[in-house]
Amino acid sequence: MAAPPRASNPQSVLFACAMNSVRSPMAESLLQHMFPQGLYVKSAGTRKGELDPFAVSVMAELGQDISAHKPQTFEELEDWEGLNFDLIITLSPEAHHKALELTRTLAADVEYWPTMDPTTIEGSRDQKLAAYREVCDQLLMRIRRRFAKVGAASG
C-alpha cells in the first residue's frame, strides 16, 4: 500500500520532543537549512524547557544559529498559529503519545524517531558535547534519508 502523497512529500513539518530545548530545535534547524524555501518547519514540546547552551554550541559548529529559539509547547503553538502540519515527527515517547492524541482530530501523519536525550549524559563538558554532536549527527542522517525525495522534486 503506497503512502499518501502528503506523507511522502510534506509541505509542513513539526518536530516534537519533551521540552523543545534540545532535540526538536536541532531537527527544526537542520531541516530548515536543507530546504530554506521549500518547507514550513516548526518544533514544540510536551512541556516547555529552557534552550540548552550545549545544543546552541553544537548547532553553531554547523554554522546554524538557534540561540533565538524560544521553547514552546504544543498548546502554545496551537494558540499562536494552529497545528496545521502534514507531518509530525516525534523524538521522545511523551511527544509521540501527545502527537497521537492530537491526530485524532488533526489530519497529520505521525512518525516516531526515538532519539537519545543528551541532557542525561554525565561527565565533562567535552563528553557532554560529544553526546549532543551524536544526537545532531543522527538527526541529520535521518532527515537526509527521510527528505531526500522532497529535495529531488524541488531541486
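The structure is a predicted model, in which local features need pLDDT of at least 70, side-chain atom pairs count only at pLDDT 80 or more, and totals for chains, interfaces and linings use all residues. Residues are numbered from 1 along each chain as its sequence is written, and side-chain values use heavy atoms, with hydrogens and water left out.

The pLDDT (the predictor's confidence in each residue, from 0 to 100) averages 89 over the chain, and 90% of the residues score at least 70. Helices (H or I, at least four residues) and strands (E, at least two) are DSSP runs, numbered from the N terminus.

Helix α4 (residues 74-81) has F74, E76 and L77 as its buried residues (buried means under 20% relative accessible area, exposed over 50%, partly exposed in between, with a 1.4 Å probe and protein chains only). They sit on the same side of α4 because they cover an arc of only 165° around the axis, taken from the directions from the helix axis to the C-beta atoms. These buried residues pack against β1 (12-17), β2 (40-45) and α5 (93-102). After α4 comes G82, with a positive phi near 85°.

As for disulfides (pairs of cysteine sulfur atoms within 2.5 Å), the count is 0. The sulfur of C17 is 14 Å from the closest cysteine sulfur, in C136, so it's too far for a bond. C17 is buried, with a relative accessible area of 2%, and C136 is buried with a value of 2%.

Methods. Contact means heavy atoms within 4.5 Å.
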